[in-house]
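Me: Hey, can you walk me through this one? I'm still new to reading structures.

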Amino acid sequence: MTADGRFAPSPTGTLHLGNLRTALLAWLFARSQGARFLVRMEDLDPGRVRPESAREQLEDLAAIGLDWDGEVVWQSARHDAYEAAIERLRAEGRVYECFCTRAEIRAAASAPHGPLPEGAYPGTCLRLTEAERARKRAGGRPPALRLRAEGARIGFEDRMLGPVEAVVDDFVVRRNDGAAAYNLAVMVDDAAQGVGEVVRGADLVDSTPRQLLVARLLGLPEPSWAHVPLVLGPDGARLAKRHGAVTLRELDAVEARAWLERSLGMPEPIVYHPN
């Protein structure tokens, strides 16, 4: 694999300093190795996407000096690629319909379920008979599709965190509105774009074993990983707009760039104190 990197925001709002710091790190990791840097808009949730946010996000990336290679990829234009991946998993018997409501999933996840991690989906709908599935379909609730993970234990080496390992539960690969779920779409896209190293926030490390299982079942190349420290607000929580002026559009651009540069020498989560 190459060291080609990427930044893949969801166009649902303005990027804050934490997002921009992650983008800057991903750009530096790629450019320092003479690799491409790519941008992808993860716009699979039409209810939350704001068209003007994508334009603002790209402007903010450029404002802190980042450039990227090729055209921006939009997930909303890649439905056929996700469906082809799902059909391959279906043909291999690796997906099943899930009719659970959010409340039922919360209740199921709160119960003990052996070796699976706390909060994992315990496979409720996997155990339905065909007659039970038919009754639920007749009830009119469209099912999601879950990957049958079979309790796979997936490990990987992270550039920042070292060895990471987790047991994977049965997770959604297609939502009940017909859209591909994040954990499937992101791996299909990374493979298609030739991404060799994923640099992103440490809050996403728990999703990586799921994504690696998708890659292995589909025979996709596996990127390397670097989950970087988050930027925190003064209260110790992940930086968000509730912490005050935290976006490039609310701050002096020169001062914001200087703060981003200073923050790169710190190996632990960074605390941002807005003025």
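Predicted model: local features only at pLDDT ≥ 70, side-chain atom pairs only at ≥ 80, totals over all residues.

Me: OK, helix H3. How many residues does it have?
Reply: H3 has 13 residues, running 79–91. From its first C-alpha to its last it reaches 18 Å, close to the 18 Å expected at 1.5 Å a residue.

Me: Which residues of H3 are buried?
Reply: Tyr82, Glu83, Ala85, Ile86 and Leu89. They cover an arc of only 160° around the axis, which means they sit on the same side of H3.

Me: Why would spaced-out residues end up pointing the same way?
Reply: An α-helix has 3.6 residues a turn, so residues three or four places apart point the same way.

Me: What covers the buried residues of H3?
Reply: The cover includes strands S4 (95–98), S5 (144–147) and S8 (172–174), plus helices H6 (182–193) and H7 (208–218).

Me: Switching topic: what's the strand order in the open sheet of 3 strands?
Reply: S1-S2-S3, with parallel pairing. Strands S1 (5–7) and S3 (73–74) are the edges, each pairing on one side only.

Me: Over how many bridges do S2 and S3 pair?
Reply: Over 2 bridges. As for methionine 41, its bridge partner in S3 is tryptophan 74.

Me: Which strands does helix H1 touch?
Reply: H1 (residues 17–31) packs on the sheet and touches S1 and S2. Helix H2 (residues 51–63) packs on the sheet too, touching S1, S2 and S3.

How values were computed. Residues numbered from 1 in each chain as written. Heavy atoms only, no water. Helix = DSSP H or I, 4+ residues; strand = E, 2+ residues; numbered from the N terminus. Expected span 1.5 Å × (residues − 1). Buried < 20%, exposed > 50% of the residue type's maximum accessible area, 1.4 Å probe, protein only. Arc of directions from axis to C-beta. Contact = heavy atoms within 4.5 Å. Pairing = 2+ DSSP bridges. Axes fitted to C-alpha atoms, helices over the stretch in contact; angles between N-to-C directions.
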